[in-house]
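Student: Could you walk me through this model, helix by helix, before I do anything with it? I'd like to know what the chain looks like and how its parts pack.

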Amino acid sequence: MLQRFEAAASRALGVVAAAALFAMMLLTFVDVIGRYGFHHSIFGAAEIVEQLMMLTVFAGLAFITAKNEHITVTLMEALIARRLDAPQRWASIAMSLGCTVLITWEMLQHAIDLLRSGKRTAVLDLPQWTLPMSAALLSAIGLALLGLAIVRTRGRLGATSSAAD
């Protein structure tokens, strides 16, 4: 059951990232056609693209973090893996967890600061705290899914160990 939850949550993050990327592409396309073809751009398009960009980046980051499929460089992996397999694996997991916790914390602090200040966007007059709060929430979801995957696999994460594959 836990594996099904991980798979569904991971899939949902991927769908959110893909949908936001598609919406951003479509909005930009329509805005450019409107601006140059009809001399009317879409009101607030830049702010909407900013919101969609945040969704794309942080839902994608959570998706990648949940599956522990960050970009890696394996130049010396064979040499290190022979003698230090477990310490290398746990150091990598600790680095992923630490970076994700740091990102989540900083985004949450930034959102709280913006909420207290009451700042709003220039064109659409939206509250500015929603962007970093959404980023913090998506990062926290990725962190939770990574934690579940670590517990489920006993730290033996890899591209083939994910339940969502």
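**Helices, core and loops**

Tutor: Taking H2 first, its 23 residues should span 33 Å at 1.5 Å a residue, and its end C-alpha atoms are 32 Å apart, which agrees. Helices here are DSSP runs of H or I with at least four residues, strands would be runs of E with at least two, and both are numbered from the N terminus; the expected span is 1.5 Å times one less than the number of residues in the helix.

Student: Before we go on, what sort of model is it, and how are the residues numbered?

Tutor: This is a predicted model, in which local features need pLDDT of at least 70 and side-chain atom pairs count only at pLDDT 80 or more, while totals for chains, interfaces and linings use all residues. Residues are numbered from 1 along each chain as its sequence is written, and side-chain values use heavy atoms, with hydrogens and water left out.

Student: OK, and what span should H1 have, given its residues?

Tutor: H1 covers residues 2–38, and its 37 residues should span 54 Å at 1.5 Å a residue; the C-alpha atoms at its ends are 52 Å apart, which agrees. For H4, which has 24 residues, the reach from first C-alpha to last is 34 Å, close to the 34 Å expected.

Student: Which residues of H1 are buried?

Tutor: Taking buried as under 20% relative accessible area, exposed as over 50% and partly exposed as in between, with a 1.4 Å probe and protein chains only, the buried residues of H1 are Glu6, Ala7, Ala9, Ser10, Leu13, Ala17, Ala20, Met24, Leu27, Asp31 and Gly34. What covers them includes helix H2 (45–67) and helix H4 (130–153).

Student: And Ile33, buried or partly exposed?

Tutor: Ile33, which is found in H1, counts as partly exposed because its relative accessibility is 41%. Ile33 and Phe43 are 10 residues apart in sequence, and their C-alpha atoms are 14 Å apart in space.

Student: Switching topic, what makes up the largest nonpolar core?

Tutor: A nonpolar core here is a set of buried Ala, Val, Leu, Ile, Met, Phe, Trp, Tyr and Cys residues joined through side-chain atoms within 4.5 Å. The largest one has 12 residues in all, namely Ala9, Leu13, Ala17, Met54, Phe58, Ala59, Ala62, Ala66, Leu131, Ala135, Leu138 and Leu145. The elements that give two or more residues to this core are H1, H2 and H4, and H2 gives the most, with five residues.

Student: What does Phe58 touch?

Tutor: With contact meaning heavy atoms within 4.5 Å, and not counting residues up to four places away in sequence, Phe58 touches Ile103, Met107, Ala135, Leu138 and Ser139. Ser139 is found in helix H4 and counts as buried, because its relative accessibility is 3%.

Student: How about Ala62, what is it in contact with?

Tutor: Ala62 is found in helix H2 and is buried, with a relative accessible area of 2%. Leaving aside neighbours within four places in sequence, Ala62 is in contact with Leu13, Leu138 and Gly142. The C-alpha atoms of Ala62 and Leu146 are separated by 8.8 Å, although these residues are 84 residues apart along the chain.

Student: How do H1 and H4 pack, in angle and axis distance?

Tutor: H1 and H4 pack at an angle of about 150° with their axes 11 Å apart, where axes are lines fitted to C-alpha atoms, for helices over the stretch in contact, and angles run from 0 to 180 degrees between N-to-C directions. In this contact, Leu2, Gln3, Phe5, Glu6, Ala9, Ser10 and Leu13 in H1 meet Leu138, Ile141, Leu145, Leu148, Ala149 and Arg152 in H4.

Student: Last one: where is His39, and is it buried or exposed?

Tutor: His39 is in the loop between H1 and H2, and it is exposed, with a relative accessible area of 67%. Phi of His39 is near 60°, a positive value in a residue other than glycine. Most residues other than glycine have a negative phi.

Student: Where does Asp125 lie, and what is its phi?

Tutor: Asp125 lies in the loop between helix H3 (77–117) and H4, and it has a positive phi of about 55° although it is not a glycine. Asp125 counts as partly exposed, at 44% relative accessibility.
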